[in-house]
Amino acid sequence: MYREFKLLELQERLKEKMGEHDNSVNKYKNTLITSGQEANNFNRTGSGTVPGGRQDSIKYQNIMSGSPTIDWNKYSSKDPITVFGSTSGSLKGQNFISTLSNVASIFTLVGGAAVTGLSIAAAIKSAKGSKNNSNTPSADENLAGLTQKANNLDKKSKLKDIGDMQKELINAQGTAQKQLTHAEGAVKTATTTLNNLNKEITEAKQQLTDFKFAKEELKTSITTNENQLSQLESIPEDQRTPEINQQIKDLRQNITTAKEKLKNEYSDAIEKQKENNIQSLQDRITKMTNLKLENEILVKQLPSEIQEADKAIKRLNSLMESK
């Protein structure tokens, strides 16, 4: 154990001289191996009253080569394990756990509905925002832009510029308020529509299942009757009883009726139509879910943007009064 400790110590010193980044996972592994605590001495013999057992069987080499394993040298995070994504190549400059949290908060707006058709990658990209993880994209870019311009005006600005900006900002605020009202209505409508569509698609899927089951039963009955008919028809006519002849007649009629029913009521074309209906309902659910999500984002973001605009309007009014 001492030799392994010295080897690891030399390796760590060599890394430090070469300027290699500290590897938190690798460091954790080394802590397990080199710790002087009895609990981490993997080469010890059994210390309990009963010899053998796990303490005897667990060796250093078993831990390093056993399954499951971690490729300790491949991982290159410079940060604690709990923020493992901060140096990830796919989400540079951000805490991966925080990013996932942002994405999750977007999807919770749907109210539990599946967001089919939305790209997870696009959602993560949206949650990342700018490289410095600053502002979320504005729900109303025009209003946000005007609010920023208004806040840049000060006592040195011309009275006319202040007045014009205030009028423009008031108009934009009114437009945003109408947009918010429309979005709130759209969310309610989409919620009701989705509830109805989900009921429809559930019923349609059940109908398709029942249809396929009945179709298979019909095919099975045809095969069974044909086998029975073949057996009865193999009997020479002079040896058939009146009962056998009646059975043959009934079987032929049953087969003919079943085949007509299979052709007219359980055809492949009818089955395909039912499948297409389900797909159409699913497409409508996807579109309505996305529409609901878009408007819920507006409902969530617009009030604060309208409020910021209102503060800017009041500030401009104070500036004009001070002139």
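Hi everyone. Before the first number, one definition: accessible areas here come from the Shrake-Rupley method with a 1.4 Å probe. On that basis, the protein has an accessible surface of about 22000 Å², and carbon and sulfur atoms account for 52% of that surface. Please keep in mind that we are looking at a predicted model.

Let's start with the overall build. The protein contains ten helices and zero strands, so the pattern along the sequence is simply α-α-α-α-α-α-α-α-α-α. The chain has 323 residues, and 27% of these count as buried. Now take the contacts between residues at least 6 apart in sequence: 71% of them join residues at least 24 apart.

Next, let's look at helix 9, which runs over residues 242–264. Helix 9 has 23 residues and reaches 33 Å from its first C-alpha to its last, close to the 33 Å expected at 1.5 Å a residue. Which residues of helix 9 are buried? They are Ile 244, Ile 248, Leu 251, Ile 255 and Ala 258. As a reminder, an α-helix has 3.6 residues a turn, so residues three or four places apart point the same way. And the cover over the buried residues of helix 9 includes helix 8, residues 159–233.

Helix 8 brings us to my last stop, its pairing with helix 10, residues 268–322. The axes of helix 8 and helix 10 come within 5 Å and cross at roughly 160°. Angles over 145 degrees count as roughly antiparallel, and therefore helix 8 and helix 10 are roughly antiparallel to each other. The crossing of helix 8 past helix 10 is left-handed.

Definitions and conventions:
Residues are numbered from 1 along each chain as its sequence is written. This is a predicted model: local features need pLDDT of at least 70, side-chain atom pairs count only at pLDDT 80 or more; totals for chains, interfaces and linings use all residues. Side-chain values use heavy atoms; hydrogens and water are left out. Helices (H or I, at least four residues) and strands (E, at least two) are DSSP runs, numbered from the N terminus. Buried means under 20% relative accessible area, exposed over 50%, partly exposed in between (1.4 Å probe, protein chains only). Contact means heavy atoms within 4.5 Å. The expected span of a helix is 1.5 Å times one less than its number of residues. Axes are lines fitted to C-alpha atoms, for helices over the stretch in contact, and angles run from 0 to 180 degrees between N-to-C directions. Angles under 35 degrees count as roughly parallel, over 145 as roughly antiparallel, 65 to 115 as roughly perpendicular and the rest as oblique. A crossing is left-handed if the near helix is turned anticlockwise from the far one by less than a right angle, and right-handed if clockwise.
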